[in-house]
Amino acid sequence: MTHKEYLELHHDRFIEELTEFLTFPSISTAPEHSKDVHACGEWLIKHLQGIGIKHAELHETPGHPIVYAEHCEAGPDKPTVLFYGHYDVQPVDPLELWTNPPFTPVFRDGKVFARGATDDKGQVFLHLKALETLLAIDGTLPVNVKILLEGEEEIGSINLPEYIENNKERLACDAVVVSDTPLYGPGLPSLCYGLRGLCYMEIHVQGPNRDLHSGSYGGSITNPANALCEIIAKLKDEHGRITIPGFYDDVIDLSVEERAGYAALPFDSEAFRNGLEVPALCGEVGYTTLEHISGRPTLDVNGLNSGFTGIGAKTVLPAKASAKVSMRLVANQDTDDIAKKFADYVQSIAPNTVKVEVVNLHGANPVLVERTGKGMNAASRALHKAYGVEPYFTREGGSIPVCIIFDQKLNAPTVLMGFGLQDENAHSPDEHFSLENVKLGMEASLYFYQEMSK
Ligand code: BES
Ligand code: MN
Ligand code: MN
């Protein structure tokens, strides 16, 4: 039997197993779900053992457990690939906007709907089935394989850097492969060579010691909600540039070749605009939309909290106001450096009639990798073989905090070979994953391990 025949023959069982995997509510940020995250990790260990992976162990951390497995039987003259992915998922709210419950997977229109379908359980699953197929047909894997699946990616990979630091030898590898990014479009594979970093801050503005009647007190004190809006309004200028002093100091500008690469990508900004139903797009002056969403840093309010937000009107001056503000960073900005610059600037522009506190919630550093090398070339051939076309080279706007750590601590390049689609509602209601890409992604990841051995 060929590998492809095995994939076809067992497809129905694979779908049942994927359904089971998607049923765990492994929401890493929610303390009430920590048992579910743990159970999902245990399920993965059993699954890895079931497909014939030699060693699979759940490693506890102060947070959620790390799934570690290895099957290194190809011999010392064959390369070692570390496959990384995450089995935790984002929260599901607002629940009422889901067509079906998020942890009861439903198959409709050639897609599977569930939280984690595309980000990242569905994509992790592709590799497990590729490895199963190789083991079943060949009795062995073409390269040495190590598997690292974490339960804290969506909360900033809190415990993973220390784990990697403490297990450098064990995790040593020639390349890391990650499937947690989108294809360029349906049928258009891509290799991602850049991810943005993140700096996630919270601003707290404290006004009077209690909420006040806006008639009796209005005009005599600084309203913390107004003060917060003024602060936020000063963080960017009319050209879409971030005004924090030194913010752009470490930004590597997009090179002429890179900008030419961006310009050569098929992109319909009118369709993009229309899909979002906004009257017009905007962004930093001098850059294109594709550059705005992946190659340039950003600053955005992610949440605002203050005053009366119920139905109707209540005449009140709120005692406090807060905002969650996140910045997407590009190479070589550093999240701790940016957090400090942000906090200093916010304090410097805050009116002295209120108390302002700035808190750093979490962050991740950006990553930019070489577009050539053994791993990239193998991935390129594998994607070509599965999809029938050459992959595009792209940068993505999202973050995978650990990628830069693989580079720094394991000295191994990361190959970002993803199979999601941009519009599969990752982090949103009705998240889904295309069954076409389940099939092609299994093939492509199988070819990747084969190509790595050449
Ligand atoms: N899979 C995404 C990262 C991603 C998103 C890559 C879009 C490429 C395009 C990942 O699971 C994610 O959501 N990361 C978080 C990280 C954060 C919580 C530290 C993100 O980007 O918001
Ligand atoms: Mn992800
Ligand atoms: Mn995510």
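User: Is glutamate 154 buried or exposed, and at what relative accessibility?

Analyst: This is a predicted model. Burial is read from relative accessible area, and under 20% counts as buried. Glutamate 154 has 13% relative accessibility, so it is buried.

User: Which protein atoms are the donors of the manganese ion (ligand 3)?

Analyst: To read a metal site, list the donor atoms, then look at their angles and their places in the chain. The protein donors here are Asp119 (OD), Glu154 (OE), Glu154 (OE) and His427 (NE2), and they lie 2.1 to 2.6 Å from the ion. The site has six donor atoms, with angles of 55 to 157 degrees among them, and is irregular. Along the chain, the donors have the spacing D-x34-E-x272-H.

User: Where do glutamate 154 and histidine 427 lie?

Analyst: Glutamate 154 is in the loop between strand E6 (144-150) and helix H5 (160-166). Histidine 427 is in the loop between strand E17 (414-416) and strand E18 (432-434). The pair therefore ties together parts that are 273 residues apart in sequence. Histidine 427 has a relative accessible area of 39%, so it is partly exposed.

User: Which residue coordinates both the manganese ion (ligand 3) and the manganese ion (ligand 2)?

Analyst: Aspartate 119 coordinates both, and the two ions are 3.6 Å apart.

User: Which residues touch the most other members of the largest nonpolar core?

Analyst: A core is read by its members and by what they touch. The largest nonpolar core has 88 residues, and Phe448 and Tyr449 touch the most other members. Helix H15 (residues 435-452) gives the most to this core, with nine residues. Apart from it lies another core, of 33 residues, including Ile203 and Tyr345.

User: With which side chain does histidine 127 make a polar contact?

Analyst: The partner is the side chain of tyrosine 449, at 2.8 Å. Histidine 127 lies in helix H4 (residues 121-138) and is buried, with a relative accessible area of 0%. Leaving out residues up to four places away in sequence, histidine 127 touches Phe83, Val177, Ser179, Met417, Ser445 and Tyr449.

User: Which peptide bond to a proline is cis?

Analyst: Most peptide bonds are trans, and most residues other than glycine have a negative phi. The bond from aspartate 93 to proline 94 is cis, with omega near 0 degrees. Proline 94 is in the loop between strand E3 (80-86) and strand E4 (106-108). The bond from alanine 331 to asparagine 332 is also cis.

User: What is the phi of serine 157?

Analyst: Serine 157 has a positive phi of about 50 degrees although it is not a glycine. Serine 157 is buried, with a relative accessible area of 2%. Asparagine 411 has a positive phi of about 55 degrees, but counts as exposed at 65% relative accessibility.

Note on methods:
Residues numbered from 1 in each chain as written. Chains lettered and ligands numbered in written order. Predicted model: local features only at pLDDT ≥ 70, side-chain atom pairs only at ≥ 80, totals over all residues. Heavy atoms only, no water. Helix = DSSP H or I, 4+ residues; strand = E, 2+ residues; numbered from the N terminus. Buried < 20%, exposed > 50% of the residue type's maximum accessible area, 1.4 Å probe, protein only. Polar contact = N/O pair within 3.5 Å; in protein donor to acceptor, adjacent residues only side chain to side chain. Contact = heavy atoms within 4.5 Å. Donors = N, O, S within 2.8 Å, 3.2 Å for Na, K, Ca; no water. Tetrahedral: all angles 85-135°; square planar, octahedral: opposite > 155°, others 65-115°. Core = buried A, V, L, I, M, F, W, Y, C linked by side-chain atoms within 4.5 Å.
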